[in-house]
Amino acid sequence: MKPLVQTPSQTVGPFFSIGLCREHQNVLAARDAAGERVRIEGIVFDGARAPVPDAMLEVWHPSIGFGRAATNPHGEFRFETARPPYFNVIVFARGMLVHAFTRVYFSDEARNADDAVLQSVDPARRATLIGEREDLDGRPVYQWNIRLQGDGETVFFDL
Amino acid sequence: MTDVARLSRRDWQVHPPYLHEAYLSTTLRAPRQSLLHLDPEAAELTGPVFGPEAVGPGDADLTLNAGTGGRAIGQRIMVTGRVLEDDGRPVANALIEIWQANAAGRYRHQQDDGCAPLDPNFIGGGRVLTDTNGDYRFTSIHPGAYPWRNHHNAWRPSHIHLSIFGSSFPSRLVTQMYFPGDPLLPLDPIFNSVPCERGRELLIARYDHDVTEPGLALGYRFDIVLRGRDETPMETPR
């Protein structure tokens, strides 16, 4: 059958919270999921190193589930979750006509060395996909910033 | 020969580029490095599953879901259509999230500092799930056009934002539905970021008098096509 033409993407614009942030979805339930409870937090930056206050991230891993977090006025986002090997991540923002696919891995995850996707990334840019573990008050926190453009630009996938 | 289920690629003939300078906000937010090609074998072919619990009663009627007991001001509209994968299969139980400006062209959002009035009976957000045939339907009001700061005398044409979850995470789509005959369309850099005429046409809803409800609401039809399965015959070694 002749394929249909895909509906083109358009930006979420600045006011997406009216439609997309009705509930808080940045705590991923997955009560039965294996893995320790962790926090993933960071800042979304633009090409002038300015924080992006109107971006939204969606994360998905089959064993953990779906999460969503908008950035605050300082460009910051945060997820509380059980830790999978990695999350698939979609970045949306005002000024992004098409969303961007990336992944977040975890700095102390032994399976990183065997991950075909992570190992396919230029070693010089691989760190952009890795949340760095810090322990704050005995709780594991992964710091992961997203740079949409410029020095240290996050690796985005043609997925 | 065997069929290997894969996801079709994003069609960059119809999707906008990240950088579209006429839309100024793209200049510092567009990734400049080329995207890293992921082997289709590594693509994530699962996705979040939504059921009836994702949508509450009244979510699909934006003229009433402010819950004030009053009805939103504006030209009432019905919007209906089908969500399909690009191989033609309907997507059942697809969650569609909706947001839009009110009839005066104002969003109920603290960052919208426009001078048009708010409507106490209109939030501008809603949700609907497709049925087993991939069909959806919601009720709203015709959103107003509004000025923005992109360039001198810039106005966004009337539009409704739609966010759709398909059967896998990569089939995710966020788009905007426009209205036929809007004189602002040729002037809008966001609409015109779509690189081909065919793609731009797909973003314009069609007035459908059969959808129009007598005495109640004007009817529009807007079909949505997501990335679907790309069943490529592959030679398999024996």
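The model is predicted, so local features need pLDDT of at least 70 and side-chain atom pairs count only at pLDDT 80 or more, while totals for chains, interfaces and linings use all residues. Residues are numbered from 1 along each chain as its sequence is written, and chains are lettered from A and ligands numbered from 1 in the order in which they are written.

Let's start where the chains meet. Here 61 residues of chain B are in contact with 50 residues of chain A (contact means that C-beta atoms, placed from the backbone, lie within 7 Å). Elements giving two or more residues to chain B's side include strand 4 (95–100), strand 9 (159–164) and helix 1 (197–202) of chain B; strand 10 of chain B gives the most, with four residues. Helices (H or I, at least four residues) and strands (E, at least two) are DSSP runs, numbered from the N terminus.

The two chains also share some strand pairing, which takes at least two DSSP bridges between two strands. Strand 10 (residues 157–158) of chain A pairs with strand 2 of chain B in the parallel sense over two bridges, and A:F157 has B:L36 as its bridge partner.

Within chain B, four strands form an open sheet in the order 5-4-9-10, paired antiparallel. Strand 5 (125–129) and strand 10 of chain B are at the edges with a single partner strand each, so one side of each has no neighbour in the sheet. Strands 4 and 5 of chain B pair in the antiparallel sense over five bridges, and B:I98 sits opposite B:G126 in strand 5 of chain B.

Technical notes:
Contact = placed C-beta atoms within 7 Å.
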